[in-house]
Amino acid sequence: MNNALLIAGCGRNVGKTSAGCALVKELSLKTPVYVVKISSHFHVLTDSLNVLTSEDKLMIAEETDALSGKDSSRYLDAGAAKVYYVQAREESLPVLVKWLTEKFNADQPVIIESGGLGGYIRPGAAALVCDGSREKKTDWSFNYQLITENEPSRVRLPFNWNNNRWQKR
């Protein structure tokens with residue numbers, strides 16, 4: 001998925017969503033940007049999620065409310081054309097990859113926030129966001145940008161979307 005920018009982190013509250021939202025805000029002025037937020041944990045869904053598919057180990061929903069305060073909502077508020085919230089167990093990730101490749105054209109930039117999808121796709125660009133207190137190793141078979149910042153709100157992703165591909169700034 002060369003049109004995908006994969007964002008993962010060394011834990012919670014390290015700035016993944018804040019950085020993704022900042023990039024969406026900037027890029028959406030030039031082109032529609034799509035976001036997929038993936039969680040391996042199954043939570044009770046908010047009313048703002050329009051469920052597209054739901055199986056035992058995979059749920060895909062479209063976020064419809066830019067003001068709910070949830071991470072998927074924050075991306076919509078930042079200017080994403082569409083935001084999908086996914087709850088998926090690892091064994092369902094191959095099915096999710098198939099859905100992603102069928103859903104998005106190669107010329108559509110897609111930001112995917114996920115810790116586990118890196119073992120199943122080869123994105124056009126990737127970032128691992130850490131806060132300096134924790135180190136995380138990945139088993140990714142592709143290069144990624146390690147971003148270390150102690151203040152989550154200051155995390156910025158060094159990528160841009162040009163000529164239908166992700167480029168490092």
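Modeller: Start with a rule. Two strands count as paired if DSSP finds at least two bridges between them. The model here is predicted.

Colleague: What makes β4 and β5 a pair?

Modeller: The bridge count. At least two are needed, and 5 bridges join β4 to β5, residues 82–88. So β4 and β5 pair. They run antiparallel. Within this pairing, Ile-60 has Val-86 of β5 as its bridge partner.

Colleague: How do you know that β3 and β4 are paired?

Modeller: By the same test. β3, residues 49–54, is joined to β4 by 5 bridges, and the threshold is at least two. Therefore β3 and β4 pair. This pairing is also antiparallel. Asn-50 faces Glu-62 of β4 across it. A hairpin of 3 residues links β3 to β4.

Colleague: Which residues of α2 are buried?

Modeller: In α2, residues 71–78, they are Ser-72, Ser-73, Tyr-75, Leu-76 and Ala-78. Just past the end of α2, Gly-79 has a positive phi of about 120 degrees.

Colleague: Why is the link between Cys-10 and Cys-130 called a disulfide?

Modeller: The cut-off is a sulfur pair within 2.5 Å. The S to S distance from Cys-10 to Cys-130 is 1.8 Å. So the pair qualifies. The structure holds 1 disulfide.

Colleague: What does the pair of Cys-10 and Cys-130 tie together?

Modeller: Parts that are 120 residues apart in sequence, because Cys-10 lies in the loop between β1 and α1 and Cys-130 lies in β7, residues 125–130.

Colleague: How do you know whether Cys-10 and Cys-130 are buried or exposed?

Modeller: Set each value against the 20% limit for buried. Cys-10 has a relative accessible area of 11%, so Cys-10 is buried. Cys-130 is at 1%, so Cys-130 is buried too.

Colleague: What is the volume of the largest pocket, and which residues are closest to its centre?

Modeller: The volume is about 1,200 Å³. Of its 47 lining residues, Lys-16, Lys-37, Ile-38, Ser-39 and Glu-113 are closest to the centre. β1, α1, β2, α2 and β5 each give at least two residues to the lining. By class, this lining has 14 nonpolar, 20 polar and 13 charged residues.

Colleague: And what lines the second largest pocket?

Modeller: The second largest pocket has a volume of about 190 Å³. There are 13 lining residues, and closest to the centre are Gly-124, Ala-125, Ala-126, Asn-143 and Tyr-144. β7 and β10 are the elements that supply two or more residues. β10 gives the most, with 3 residues. This lining has 7 nonpolar, 4 polar and 2 charged residues.

Notes. Residues numbered from 1 in each chain as written. Predicted model: local features only at pLDDT ≥ 70, side-chain atom pairs only at ≥ 80, totals over all residues. Heavy atoms only, no water. Helix = DSSP H or I, 4+ residues; strand = E, 2+ residues; numbered from the N terminus. Buried < 20%, exposed > 50% of the residue type's maximum accessible area, 1.4 Å probe, protein only. 1 Å grid on protein atoms, 1.4 Å probe; cavity = no way out; pocket = protein on both sides within 12 Å on 5 of 7 lines; lining within 4 Å. Points joined across faces, edges and corners; volume = space filled by probe spheres on them. Nonpolar A, V, L, I, M, F, W, Y, C, P; charged D, E, K, R; others polar.
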